[in-house]
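Work through the exercises below with the structure open. Try each task before reading its solution.

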Amino acid sequence: MKTIRKAALQVGATALVALMAWNAYLAISHLKQMQQIAALTLESSTIQADTSGVLKDLTDMETGQRGYLLTGEPSYLQPYTDAKGRIGTDFAGLRAGLANRGEHERSLESQLETLADSKQDEMERSIKFRQQGYRRRAFRLVDSNEGMEYMDKARGLLSSLAVAETSSFAEFDKTSKASLKKAFAETIVANSCLLVLTVSLFGLIRYHVKVLEREAAQSREDLDVRVLQLEKLMSALSNQARSKTSAIEVNARLLLQNYGGFLPRQGHEYAEQIQEASAQMERLRQDLVSNPGSNGGAKAA
């Protein structure tokens, strides 16, 4: 039974360690998954921001172009100049963000850059006509609706990219919620198992300790019984030894008193030696039974 309890404790401790390791693995795995989803969500937000930035750049450039063509004032070209300096950076960010997207989205971005270049070329030509004094030619270029067609197509492509990224963002959000739900469920299961196993192992340990305490108490009782039996045995042996040594000493003394005159000198010496030896044995017995570690022996003495 004791061996079974020890084996159960060993198995329980091993299972507890394994479950704790599994719980830690789940936590790390879920954390990495959430980090990946967060990175994808941030990437989608960045793409949407770059898409909006490209549209704003084209709109600002067109605003600056129209203002300059109408007034001829160079200051009205400031929005055009600023947007022209930004649009290259915004397109670079958009390309980088779409690098991990599907072929369709990358194709939309490529078409958008082509349209933006064409729109910019159209605006550059109209501005140069105005700068050279060809106001009518500049307005005729604008009235041809070439630039408007470029802008309409660009807005359509930007809208398609925005819709695609909105769909991707929704998918990431759905995946994130599903992952959170799964992680929550797995965490509950893992921690519930951990709690049940910990409580069970704690209960088994307490039971094992109580059993050991009972066994220790029983061993102490058995030991007390053995000590008492030993004390009784020592007392009996001590009494027998005292009786024997007393009889030997008395007989030796009587032999010397009654027949000492008839004994030869050597026989007389033997009798005295026997008497002295019995006296020494009695002193030795008294020393043994009077040992502080043997209360029962002292009582017997």
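Predicted model: local features only at pLDDT ≥ 70, side-chain atom pairs only at ≥ 80, totals over all residues.

**Exercise 1.** Work out how helices α2 and α3 are oriented to each other, and which residues make the contact.

Solution. 
- Take the two helices: α2 spans residues 78-97 and α3 spans residues 103-131.
- Read the geometry. They pack at an angle of about 170°, and their axes are 11 Å apart.
- Apply the cut-off: angles over 145 degrees count as roughly antiparallel. Therefore α2 and α3 are roughly antiparallel to each other.
- List the contact. α2 supplies Y80, K84, I87, F91, L94 and R95. α3 supplies E109, L112, E113, A116, Q120, M123, E124 and I127.
- Sort by class: this contact of α2 with α3 has 8 nonpolar, 5 charged and 1 polar residues.

**Exercise 2.** Decide how the buried residues of helix α4 are arranged around its axis.

Solution. 
- Find the buried residues of α4 (residues 135-143): A138, F139, L141 and V142.
- Look down the axis of α4. The buried residues fall within an arc of 155°, so they line one face of the helix.
- Turn to the other side of α4: R136, R140 and D143 are exposed there.
- Step just past α4. N145 takes a positive phi of about 65°.

**Exercise 3.** Is Q65 buried or exposed, and which residues does it touch?

Solution. 
- Check its relative accessible area, which is 1%. Buried means under 20%, so Q65 is buried.
- Leave out residues up to four places away in sequence. Q65 then touches Y80, K119, E122, M123, S126, I127 and V142.

Definitions and conventions:
Residues numbered from 1 in each chain as written. Heavy atoms only, no water. Axes fitted to C-alpha atoms, helices over the stretch in contact; angles between N-to-C directions. Helix = DSSP H or I, 4+ residues; strand = E, 2+ residues; numbered from the N terminus. Parallel < 35°, antiparallel > 145°, perpendicular 65-115°, else oblique. Contact = heavy atoms within 4.5 Å. Nonpolar A, V, L, I, M, F, W, Y, C, P; charged D, E, K, R; others polar. Buried < 20%, exposed > 50% of the residue type's maximum accessible area, 1.4 Å probe, protein only. Arc of directions from axis to C-beta.
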